[in-house]
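Good morning, and thank you for coming.

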Amino acid sequence: MEWLQQLINGISLGSIYALIALGYTMVYGIIKLINFAHGEVFMIGAFIGYISITGWGLGFFPALLLSMAICAIIGVIIERIAYKRLRNATRIAALITAIGVSLLIQNGVIYFRGAQPAAYPDVFANKSFNLFGAQISTQAILILSVSVVLMLILQFIVHKTKIGKAMRAVSYDAEAAKLMGINVDNTISATFAIGSALAGAAGVIFGIYYTKIDPLMGVIPGLKAFVAAVLGGIGIIPGAVAGGLVLGVVETVVSALGFSLWRDAAAFIILILILIFKPSGIFGKNTREKV
Amino acid sequence: MKKSKQFWVFAVLAIAIYAAVQFMISGGFLNNFYSNTLIFMGINIMLAVSLHLVIGITGQFSLGHAGFLAVGAYVSAIMTMKLDLPFFAAILIAGIAAALAGLVVGIPSLRLRGDYLAIATLGFAEIIRIIFLNIDYVGGAAGMQVTHLTTWTYTFICLFVTILVIVNFTNSRHGRACIAVRENEIAADAMGINTTYYKVLAFAIGSFFAGVAGALYAHNFYIIQPANFGFLKSIDILIYVVLGGLGSLSGAIVATILLTIVSTFLQDFPETRMIIYSLVLIIVMLYRPQGLMGKMEFTDYLKMWMRPKRGSQHEQ
């Protein structure tokens, strides 16, 4: 039952990617910006979880909620300070700013606390269940259930609430949405808040899963989550989840086949293949560019 | 007539700079630290100028320049260390290898625009890095020993050729076609410009000089490691181009010189250096998204300065 074991590992890893990818895809869907700083919000989320569990003795769920709340605030601050002025600037200028913000947060954290990694505390007794011969740890179940619940909440927000409706309207056509009386600025801020909260949750889960965090941990998962978002079709919420899961499973399979050093390359090879053969992603429809 | 006069002024100025520095090095006025900084500056200028051709002139946003630098560095190191070829042959082969890598990256990336292209080139650069990481022939993660061969003369000749080729390319018919692609790709296509050809051409030329810079870079240190050619190195090069002005060659050169000096003094404080870099990047993008010099060249400023009564807008 080796393959089942790998599949479960892949899905656990993939659900972390999916949580980060949701933030990317929402932000891209609404302002067409690759928010490079998203991986850094994820890193900050992991550190807030770490501080609140070890330093303040909070339990897992309060730590998760606190981390999500603070990350949401940070996301909104980043948007207000760095991206708001660039709404009408060229895409390249916005992308470079995002890279700048990402570098600033990384090096700011290194400056204030040092680059050494921190060991994440064990919050759950690591028991494992036997399912058809595969070992499933409590952590894997926890990661999966937290991700699924968060995704369901997100689905509810986007499709059933007023702010979700506004978000869909702005991503469809910001100008028309403005004419219809939607406050575009607030909607964009809300998108950043929700996306960053998901990244914060992913950070805490990541810390528990890998038991080690450091200030540069956001770079590679951030890029991979972006790959996941592109894979599923950027701007499409179910696509981000599917892309994250596919990427997690592929990575785990590549490692299991004995190519663990090539694991990071696998994600980028998938990215390039998908960009070349179906740039709109698995769930995307082809759109013609108009002159 | 006027263009050739400009060229001779440039050539004489360049030779004067070369001679002055060479005199100071051989006369012992410049210690190792300063001459190394100058060599490093030259390599950085080559990288910035070659990326300027891709981003500033052709408008193709590439985030993978460190990948071509890595190809140049490793290929040249293999040539000199394993095959015992002379250094100048290694430089040339490194450039050709990087240009081929540029073609390989450029051709499939053509279907992509804007930030998709940026991400694809970033992915390619990471793949190149991971390939070098996994080849035992070049030492894997531990890196590869390289002898110190880069001198001021080699750096200067390569730098001179790079600037000369890129300036002439920009001013040629091909360069104008590249600028048309930058301004509006669809319109350029409609005007009969083979956009695919020019994008790949710019990519290949840019990669060639990045490869040459890589050869000098490799032989300036005693060891090269895949970790030297990561995402951050690409960002370093990007900052030179962006800060100077997207589309301004002299801007890129000036920014490179300034930032190399700043980073040399901040060598012992890498976090501070990166914080300053990122703040500069954010502030410049927020308040002057076209870069410090925009699309202006130094010579444009000189012309404006010499004829102050006629405004620059009448010159067009």
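Let me begin with the second largest pocket, which is lined by 50 residues; nearest its centre lie B:Leu249, B:Ser250, B:Glu297, B:Phe298 and B:Thr299. Several elements of chain B each give two or more residues to this lining: helices H1 (2–26), H2 (32–57), H6 (152–171), H7 (173–183), H11 (249–265) and H13 (298–306). Helices here are DSSP runs (H or I, at least four residues), numbered from the N terminus.

A word on the source: this is a predicted model, in which local features need pLDDT of at least 70 and side-chain atom pairs count only at pLDDT 80 or more, while totals for chains, interfaces and linings use all residues. Residues are numbered from 1 along each chain as its sequence is written, chains are lettered from A and ligands numbered from 1 in the order in which they are written, and side-chain values use heavy atoms, with hydrogens and water left out.

The volume of the second largest pocket is about 2100 Å³. On a 1 Å grid over the protein atoms alone, a pocket is an open set of points with protein on both sides within 12 Å along at least five of seven lines, a cavity is a set where a 1.4 Å probe fits but cannot get out, and lining residues have an atom within 4 Å of a point. A volume is the space filled by probe spheres set on the points, which are joined across faces, edges and corners. By class, the pocket lining has 29 nonpolar, 11 polar and 10 charged residues. Ala, Val, Leu, Ile, Met, Phe, Trp, Tyr, Cys and Pro count as nonpolar, Asp, Glu, Lys and Arg as charged, and the others, Gly among them, as polar.

How many cavities of 30 Å³ or more are there? The count comes to one, with a volume of about 40 Å³ for the largest cavity. Its lining consists of B:Gln60, B:Gly106, B:Ser109, B:Leu110, B:Leu117, B:Lys199 and B:Phe203. Helices H4 (87–109) and H9 (195–218) of chain B each give two or more residues to that lining.

H4(B) also packs with helix H3 (residues 65–82) of chain B, at an angle of about 145° and with the axes 8 Å apart. Axes are lines fitted to C-alpha atoms over the stretch in contact, and angles run from 0 to 180 degrees between N-to-C directions. By class, the contact of H3(B) with H4(B) has 12 nonpolar, four polar and no charged residues.

Finally, chain A: an unreviewed UniProt entry places "transmembrane region" at spans including residues 6–26 and 188–210, though such annotations may be inferred rather than shown by experiment. In the model, residues 6–26 of chain A are 100% helix, with end C-alpha atoms 29 Å apart. Residues 188–210 of chain A are 100% helix, and their end C-alpha atoms are 32 Å apart.
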